[in-house]
Amino acid sequence: MKTFVLCAVALLPSVPGFAQNEPKSEFAAGYDFRRLAGDSRQSLPSGWYGDIAWNVTPTLATVGQITGHYQNLHGASLHTCGGGVRFSAAHPKAALFAQVLVGVALLSSNSTAVLPPNHLGPVPLGLRGSSGSALLQVGAGVNLMRDAPIGIRIGSDFVRTGDEIGNMLRLAVGIVVPFDR
């Protein structure tokens, strides 16, 4: 984290020179991987994310983000929706950023009952459950190829949710499309 702060401070003087080339908004989408913070064996590897940011200033943006994650083995899915702020240190080729989002997380699971061969009586069609929780997501990353029509984003976050869902680590890789330069 100290390295990120030092890099951000070093790049801040270059921000005014590129302010006229800053997009008013940007859309990003891509792959999203989540792992439970306390257990490296518990992960949701099949995920996606989408976010949209409105740049208030060259270094401050408001952000809205949605994600979806799926674990086929147990029929579990996790969806999150959040909003917050993103701070960035812009440079024409890359921009370091840090963000804080708050929102909600919804965990759903489906499972089918396995019955013994000699079972008599009704057959359950399946079990279903869900739980929701508030979330706090704090992270950092970098947007690459900022002067191109489509850039690349690499980011990592710590996601804090309630006890029923648990805390998670997030890794995201995607594309960034700027609008209204």
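**Pockets, cavities and a surface patch**

Strand β1 gives the most to the lining of the largest pocket, with three residues. The model is predicted, so local features need pLDDT of at least 70 and side-chain atom pairs count only at pLDDT 80 or more, while totals for chains, interfaces and linings use all residues. Residues are numbered from 1 along each chain as its sequence is written, and side-chain values use heavy atoms, with hydrogens and water left out.

The protein chain holds two helices and nine strands. Both types of element are DSSP runs numbered from the N terminus (helices H or I, at least four residues; strands E, at least two). From the N terminus on, the order is α-α-β-β-β-β-β-β-β-β-β. Of the 181 residues, 36% count as buried. Buried means under 20% relative accessible area, exposed means over 50%, and partly exposed lies in between (1.4 Å probe, protein chains only).

The largest pocket contains about 220 Å³ of space. A pocket is an open set of points on a 1 Å grid over the protein atoms alone, with protein on both sides within 12 Å along at least five of seven lines; a cavity is a set where a 1.4 Å probe fits but cannot get out; lining residues have an atom within 4 Å of a point. Grid points are joined across faces, edges and corners, and a volume is the space filled by probe spheres set on the points. Residues lining the largest pocket include R34, R35, L36, Q42, S43 and L44. Two or more lining residues come from each of β1 (25-36), β2 (43-44) and β5. By class, the lining has seven nonpolar, three polar and two charged residues. Nonpolar covers Ala, Val, Leu, Ile, Met, Phe, Trp, Tyr, Cys and Pro; charged covers Asp, Glu, Lys and Arg; the others, Gly among them, are polar.

Four cavities reach 30 Å³ or more. The largest cavity holds about 120 Å³. It is lined by 13 residues, and E26, N55, R86, S88 and R146 are the closest to its centre. Strands β3 (46-57), β4 (60-71) and β5 (76-90) each give two or more residues to this lining. The lining of the largest cavity divides into four nonpolar, five polar and four charged residues.

On the surface, L144, M145, I152, I154, L171 and V173 form a nonpolar patch with about 440 Å² of accessible area together. Patch residues have over 30% relative accessible area and no salt bridge, and nonpolar side chains are joined within 5 Å. Strands β8 (151-161) and β9 (168-179) each supply at least two patch residues. I154 lies in β8. I154 counts as partly exposed because its relative accessibility is 36%.

Terms used:
Patch = residues over 30% accessible without salt bridge, like charges linked within 9 Å, V, L, I, M, F, W, Y side chains within 5 Å. Areas by Shrake-Rupley, 256 points an atom, 1.4 Å probe, with all protein chains shown as cover. Salt bridge = Lys/Arg side-chain N within 4 Å of Asp/Glu carboxyl O.
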